[in-house]
Amino acid sequence: MNTHVNPPARIGEPLSRVDGRLKVTGHARYAAEHPVADLLYGWVVSSSIAKGRITAIDEDAARAVAGVVEIITHKNRPDLAKADSAYQEQVAPPGKPFRALYDDEVQYSLQPVALVVAQDLETARYAASLIKVDYEAAEHNTDFRIAQGERFMPRRKRAAYQPPKNRGDVDTAFAEAVHQIAGTYHLATHVHNPMEMHATTVVWEGDERITVYDKTQGSQNTQTYLANVFGFKKENIRVLNPFVGGAFGSGLRPQYQAYLATMAAKMLERSVRLVMTRPQMFSHVHRPEALQAVSLATDAQGHLTGMRTEATTATSRFENYMETVVNWGLMAYACPNAEADYTIAPVDSYTPGDMRAPGAATGMTLFEIAMDEMAYEANVDPLEFRLINYSEKDAMHDTPYTSKALKEAYAEGAAKFGWDSRSMAPRSMRDGSELVGWGVATGMWDAMFQKTSARARLSANGDLLLETAASDIGTGTYTILAQIASDTLGIPVEQISVKIGDSDLPMSPIEGGSWTAASAGAAIEATCQSLGKKLFEAAQKVKNSPLADAKIDDVRFDYGRLLSKTDPDKSVSYGEAMAAAGEVSIEAEETVSAGISGMISQMRKSRNTHSAVFAEVKVDEELGVVRVTRVVCAVAAGRIINPKTARSQILGGVVMGIGMGLHEETFVDHRLGRIMNHDLAEYHVPANADIHDIEVIFVDEPDPEVTPMGVKGVGEIGIVGTAAAVANAIFHATGKRLRDLPITIDKILE
Ligand code: MOS
């Protein structure tokens, strides 16, 4: 065995990010950072009204500015596809997708109405400030509470949205209940604010060919969209997203900067860059505002006997965006009588969309506040209340889970948190001038799997190249793919290059739904196994091969060698094997998919991740200031490929959950139909000083059935329930039940 080579990484090891050095040294390039010769810069002029028509655009002063190359509006735009279907990419909800600069119609405030293209960014920005747009305003409504009067359930449903299934006789359950509660819970609109703003650099390659660096969660989705909309041949568009500076769903659909930069490049036959400003980040996809009414009933001992959940979330006037909001509580808890209903209500805004754990972050979180209220009404400890109503199976679909180690998560989380020493009564715990509160909540998310392809090439010098079009949105995709290959083929990570984020690479879906580790991971594993088989065949061709009589199952792949499992002295190096086969490199390509049997099994079994979130808050009694001093998040998410990157995902989710509980909300001036806090000074997200101890636990949850590698995914589960644990802790600290997130100081002092 070669002792001088670095050891391979193992699945389950806390391997540091393989792209970490590139990132901290600034060598990782993001969409607006790729150097391009003769580049033009765009600047978007945004609508100042929420609804109506553009009657005139005065461009004269802007055109007179030296360095302005073109001003594009609906009047001089190039030809675009006419059918809505051309604009409906992988993630579009049913409806008529927005088309920037298509016609004179204004559908929401901050809608792009003109694009200035100039020799440099400053000129484009200055010229944009000189453009005068006249409008004929129409009546608009951006007030979600007023929109309740128009709520509806569209007949055509998005496949990802799962309608709830009712059970039992809920009316009788409430009539006979010993204890019951009812409340209406509200979640504010959240806006995507990843560090990297949406940006696109389109390189004009001539001959109707473009290379596009885009901030997207799916290069191939953007590629298809741009081809369909602008009439390019698909093979003439290459989309790259090697690094993405954060994306929690805002990069699932191609955003308008990609569309506008491509429009300008096509029209001018030049390379064009366009970056959204931070305020413009408030002009596209966002987590919809939500209202959710929950009623719960129990018997004398606190066993749930009835549940009713009705939620409405906001959508736009032109698309019906839906989430799976009301199902979670019905799935999670054993309760014989349960029903739920879900509707959407249109406002004059851009269409809402996915944001980290869409639907569950809203619905499960609000439901878990109601669960806390019910526990207090029934006088049962809130953790005990969840345990006595625990459901081993998916109680809504009446199907078993492939695995559900939530009980273990409650137990390990409670032990780490010290839940035992909690006193039940509100306002009963104190630390000097601060009231102390402890809250708990349950989290749930899906464990999904998507068809994905990968390719691997091993060179004679031992270097391994892995390729798949998957994205790394900061989650650690590069790292875990290298790690899986390293473990499968026994090649040190230092000799592995991972190429992702390029539409030319083998097919991969958008990075979403927490499915990338399970899906791209399985594709890489299958590809490496197939490469291993080819190596084995080559190793048997070595003269006097010590493995001549071996079967593939008799060998393992380690330290760059094929070794007999029973006699490690019998081995062939990869180099010897390839030389014997007369190859300078060996390649394999595989596609993994759930297949028919997988789909049948998906119907028969439920696949979910679970979490138990414990939060401690300290509330200044006079000032109402809340500090979340401790969070323990215990997660059951199947097999963990890399506990270090996985922990970071949960930490990020918990931080976002704290923001959901205490900070994030938009303020709209409904007279103008416009978000007024459209910058990071006034749209609050947690800052360093807001975050204290966060402890992440991964409980043991072996699950060979859920996905090929037993991986469930961890990108989203960390946010679900966290805000409820915080809200429940605030109730425990203050005795004040607040049903409106975020819980800000004014609400506490009111
Ligand atoms: Mo996630 S909301 O599917 O990026």
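Predicted model: local features only at pLDDT ≥ 70, side-chain atom pairs only at ≥ 80, totals over all residues.
An open sheet of four strands is arranged in the order β21-β20-β19-β25, and its pairing is mixed. The edges are formed by β21 (496-499) and β25 (585-592), each of which pairs on one side only. On average, and with direction ignored, neighbouring strands of this sheet are turned by 15° against each other. The pairing of β19 (residues 452-459) with β25 is antiparallel and extends over eight bridges. Within this pairing, E587 of β25 is the bridge partner of R457. Helix α12 (residues 477-489) lies across β20 (464-467) and β21, and runs at about 135° to β21.

A search of the whole structure identified three cavities of 30 Å³ or more. The largest cavity holds about 120 Å³ of space. Its lining consists of Y87, E89, P97, F98, A100, Y225, R253, P254, Q255, Y256, Y259 and Y350. By class, nine residues of the lining of the largest cavity are nonpolar, one is polar and two are charged. The second largest cavity has a volume of about 70 Å³ and is lined by V91, P93, G249, S250, L252, R253, Q255, V285, Y321, P352, G353 and D354. Six nonpolar, four polar and two charged residues make up the lining of the second largest cavity.

H284 is located in the loop between β12 (271-275) and β13 (286-287). With a relative accessible area of 1%, H284 is classed as buried because this value falls under 20%. Beyond its neighbours within four places in sequence, H284 contacts H198, S250, Q255, M276 and Y350.

Turning to open space, the second largest pocket contains about 620 Å³. Its lining comprises 34 residues, and T142, T189, E289, T666 and V668 lie nearest its centre. At least two lining residues of the second largest pocket are supplied by each of α4 (144-147), β29 (674-675) and β31 (740-741). The lining of the second largest pocket divides into 15 nonpolar, 11 polar and eight charged residues.

P7 lies in the segment before α1 (20-24). Although P7 and V493 are 486 residues apart in sequence, their C-alpha atoms are 8.4 Å apart in space.

Most residues other than glycine have a negative phi, and most peptide bonds are trans. A cis peptide bond joins L741 and P742, with omega about 5°; P742 lies in the loop between β31 and α18 (745-749). D38, a residue other than glycine, has a positive phi near 55°. This residue, D38, is placed in the loop between α1 and β1 (39-46), and it counts as exposed because its relative accessible area of 62% is over 50%. A positive phi, near 50°, is likewise found for E269, which lies in the loop between α7 (256-268) and β12. At 48% relative accessibility, E269 is partly exposed.

Notes
Residues numbered from 1 in each chain as written. Heavy atoms only, no water. Buried < 20%, exposed > 50% of the residue type's maximum accessible area, 1.4 Å probe, protein only. Contact = heavy atoms within 4.5 Å. Pairing = 2+ DSSP bridges. Axes fitted to C-alpha atoms, helices over the stretch in contact; angles between N-to-C directions. 1 Å grid on protein atoms, 1.4 Å probe; cavity = no way out; pocket = protein on both sides within 12 Å on 5 of 7 lines; lining within 4 Å. Points joined across faces, edges and corners; volume = space filled by probe spheres on them. Nonpolar A, V, L, I, M, F, W, Y, C, P; charged D, E, K, R; others polar.
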